[in-house]
Amino acid sequence: APPVARDAPVHISADRFHFDQKTGVGIYTGHVRVTQNTLTIDGDRLTVVAPPKGPVERLTMDGNPATFSDVTPKGKPVKGHAAHMLYLPDSRQIQLQGQAELSQERNTFSSTHIVYDTKNGVVTAGAPGHRVEATLVPDQGTTGKSAP
Amino acid sequence: AGGEIGEWALCPIEPRTPVPRYGDHLVHIHADRAFLNPRGVSRLEGRVQLTRGDQTLLSDAIDFDNATQLAISPGPLTLETPDLKINGQHGRYNFGGQTGTLDLARYHLYPAHAHGEASRIRRLGPDRTALSQATYSTCPIGHRAWQLSASDVHLDQHDDIGTARNVLIRFKGVPILYTPYLSFPLSNRRKSGLLPPVIGQTTNAGFQYQQPIYWNIAPQADATLTPEIFSSRGFGLGTQLRYLGTRSYSELNTNYLPHDRLYGGARYLFSFRQHANPTDDLSTYVDYNRVSDPNYFNDLGTTLRNVDTTFLGQGAGMSYYGGDWSLSAMGQQYQVLDPALPASAAPYAILPQVDFNARIPTPGDRLRLSLRSQWSRFERPGSVTGNRLDLMPTARLPLSGAAWFLTPAVSYRYTAYQLQNQLPGDPAAPSRSLPIASLDGGLYFERSAGAHTLQTLEPRLFYLYVPYRNQQALPVFDTTAFPLTFSQMFADNRFVGPDRVSNANQLTAALTTRFINTDTGRELMSASLGQIFYFQPQLVTLPGQPVDTARRSDYVSQLNVAIARNWWANAGINLNPTTHVVDTATFNAQYRVSQDQLINLGYQFYRQQYDQASVSLAWPITQRWQIATSLSYSPQAKRLLQAFAGIQYDTCCWAFRLLAQRYLTTLNGSYNEGISFELVLKGLGNLGTPIGTYLQRTIPDYVPPA
Amino acid sequence: CGFHLRGVAQLPAAMSRTYLAGASMQNPVVRSLAQALRANGVTLVSDPQQAGAVLTIVSINTTQRALTVSALNQATSYALETTLVFRAHATQGRWKLPDQSISVQRQYSLSTAQLQSQGPEERLLQQSMTRELANLALLRLQAHAGAS
């Protein structure tokens, strides 16, 4: 397996693996799963570009859809799915593109472009020309009755 | 919710984009970009729409904290709720409590068809909104004929009441009313709270200005204080207290002038009315009215009253309905308003009168046994007084088939008096008892009269026998004779009231024919003719009346016609069979296109009593201009009794009425003229004299547009 | 001349057992209508479930208006008008009678000396008005009997 990021090991499992020496591009296909720490990404086809030296910088997962699940720094579950996901282990950022949807507890975001920063749990959704739709569940304390 | 039919029919339609709804209590967000950080505060940018339930916020940038449900918009924002839309330059809104603040805002309150601006609008909850330095108008945006501006306005959509402080109302830019406090309705469900000044002018009181102040004490109680000034008489204070209980309604009206310059003394009106149903079967009423002097209404009454009363009633009573029996008790006395009338000419005071009526059930309910009983006490200065007991058990056997009915009836009436200061020589305890027997029968014939019309022919005979009893010694407390009407031809006594029972050996013969539309069941026309044949002269009379020796009564005829949907007419003539002189005649007709477009014609004639022709109409000339006029004239006396002419200009959010009037006063033959005008600010209230309600009272079936 | 004795009045079949809704027996018009219905073979039931038809009294209001005035502007005759609005429908089946409005007028003259008898005179006229309203209401029901 290619060299991995400094602090946390990235494990990849798949049915098949093909590595192209010339381009340095590795392709995993069939029940591909990538895990790093609490993060798990599943999909059908993973493309890994490994530069001549140094750690893996980009993993691109395609799936029908590709999915990920993680736990926020405050311990809350978060998951999402998209046509394809770009994971940058160095900056711990996942970019979801194409019918992307992310949900944290029961709050959901959907757009064609969502970025999830796994380090500080910040979600950035939408891009020019790509509207974002979100549905949040208000806490029980604010049920809409005006203050007595 | 643009220009609906009805009150706002003349307004341009202002379409409104529908408010987004998701049918759940979740927070739905649409934006170009969204940043959600773990502490739950999101930053939303680019054509942001944030909706929860039926509340929606639109802005270009919103910071939203899902934990506290607070949304902050540093830039321009719009709050959309089903009934209220607010645009502000910046503001914040809490979706939890539905509270928030929008500054430099414009708003549109759809149920009230109203809109305006405010320096700050604070939402205090789902139904309450407070506006500072606000304007309010129901006129279309862009051409505000009138506008209300106030230091603060409070809109309560739960009770549909708007209240405002330091209010200035401008009409066409001209300030026309300042009032420190004002409440007004936010939908037509609520009484118009705005009680603007009443301005008018009459010959008897000169220029008058009244400024009512409305105080909404509680949901079921309110008070209106009305300081007033009469240019030729001085100032006064009117008060009105109203209380609507769950089972009662009470209203107190008073008016007090400490010193009336023309009259040279204090003058007052006191009127208390109450209706109550403590239980389903028990109802009570109080109707007590008193004025300081007989000419009170003449001098101070508004120009808009119909008729004067000579006797101001003061009464109270209760009645209990027990299914087969009923018990009622009442007291009634009068204040004489006509200075020329001696007290002895006023009606008797009845203190009290108790009625007990009962139906005694019989097996099979074919034989109807009933008892009517009454005990009353009569008082009047300078007259015979005393109490009277009147008992009348009756047995009736109503027999009927599809095409006939036959009702024999037998009663026995016992009436006894206990009198004081009767004329010397008259008995102190006279009484009268006599049997009353009658037989009423009729047949129904019918034939078809055209494809959809059925004609009926209904002959009816009514025989009445009552032996003669000398009743000269009996006082006349509350009994009188009315001119013969069709329904009275089948009554068992010519007099109304127990003091006289007419002797009778007579036969009433009547024939009625009706034309009925068989599809709708409507009666197109009915005509009736009847006459009474007296086999004995009617010897019983009221004091001072001649004995009527006629062998036959007048021909009594009646005609009702309602062939087309929008007009009807009825007429009735009593013709003397020997002299062929008309005793009474009445004619009424109405052509009605709608409730504010109709004509009424009328002619009433009662030989040697009155004859009066009257016409009244309300007619739109154009969609904006309507006229309303009424005229009553006595052909024989060649005297105009009353007349008024009014015009109304109606627009989307305001209407203006002018009424010129000339009517008789109680001083024989003298007239009172009056000009009054009324400005209607639709959705807010009416300014000036209430012409609309006056027209509704005087023109039959007329309902003013606003 | 074609006249024949009237046949039995045909009320809508559904009305054989009718529930009278919307008004109390305290009201003389309701009492007179009930009497007319009973005289035409209708049984009035107190429980809507057992009724074949419901006759709803929408409104009954009586207005009194001064008709003529004397030279002293006092009323010398009054007009009474009572308007009954009612509708009916079968509990089963589609028979329905939409809102029917019937108005009846009476007039009486009254001199100031007769004020005491105004009440009794009005009650007498009210009695004849309620009988006429009941008969006219029956005519409306009979006209729509065919459709039931």
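**Chain contacts and a helix pair**

Mentor: Chain A and chain C have no contact joining them, and their closest C-alpha atoms are 38 Å apart. Keep in mind that this is a predicted model.

Trainee: Which chains have the most contacts between them, then?
Mentor: Chains B and C, among the 2 pairs of chains that touch.

Trainee: How many residues does each of those chains put into the contact?
Mentor: Chain B gives 61 residues and chain C gives 48 residues.

Trainee: And what area do chain B and chain C bury between them?
Mentor: About 4,600 Å², with 55% of it on carbon and sulfur atoms.

Trainee: How many salt bridges across that interface?
Mentor: The rule finds 0 between chain B and chain C.

Trainee: Switching to helices. At what angle do H1 and H2 of chain C cross?
Mentor: Roughly 50°, for H1(C) at residues 28-39 and H2(C) at residues 118-143, with the axes coming within 8 Å. The two helices are therefore oblique to each other.

Trainee: Left-handed or right-handed crossing?
Mentor: H1(C) passes H2(C) in a right-handed crossing.

Trainee: Which residues meet there?
Mentor: From H1(C), Pro28(C), Val29(C), Ser32(C), Leu33(C), Ala36(C) and Leu37(C). On the H2(C) side they meet Thr130(C), Arg131(C), Leu133(C), Ala134(C), Ala137(C), Leu138(C) and Leu141(C).

Trainee: How does that contact split by class?
Mentor: The contact of H1(C) with H2(C) has 10 nonpolar residues, 2 polar and 1 charged.

Terms used:
Residues are numbered from 1 along each chain as its sequence is written. Chains are lettered from A and ligands numbered from 1 in the order in which they are written. This is a predicted model: local features need pLDDT of at least 70, side-chain atom pairs count only at pLDDT 80 or more; totals for chains, interfaces and linings use all residues. Side-chain values use heavy atoms; hydrogens and water are left out. Axes are lines fitted to C-alpha atoms, for helices over the stretch in contact, and angles run from 0 to 180 degrees between N-to-C directions. Helices (H or I, at least four residues) and strands (E, at least two) are DSSP runs, numbered from the N terminus. Angles under 35 degrees count as roughly parallel, over 145 as roughly antiparallel, 65 to 115 as roughly perpendicular and the rest as oblique. A crossing is left-handed if the near helix is turned anticlockwise from the far one by less than a right angle, and right-handed if clockwise. Contact means heavy atoms within 4.5 Å. Ala, Val, Leu, Ile, Met, Phe, Trp, Tyr, Cys and Pro count as nonpolar, Asp, Glu, Lys and Arg as charged, and the others, Gly among them, as polar. Buried area is the accessible area (1.4 Å probe) that two parts lose on being put together, summed over both. A salt bridge is a side-chain nitrogen of Lys or Arg within 4 Å of a carboxyl oxygen of Asp or Glu.
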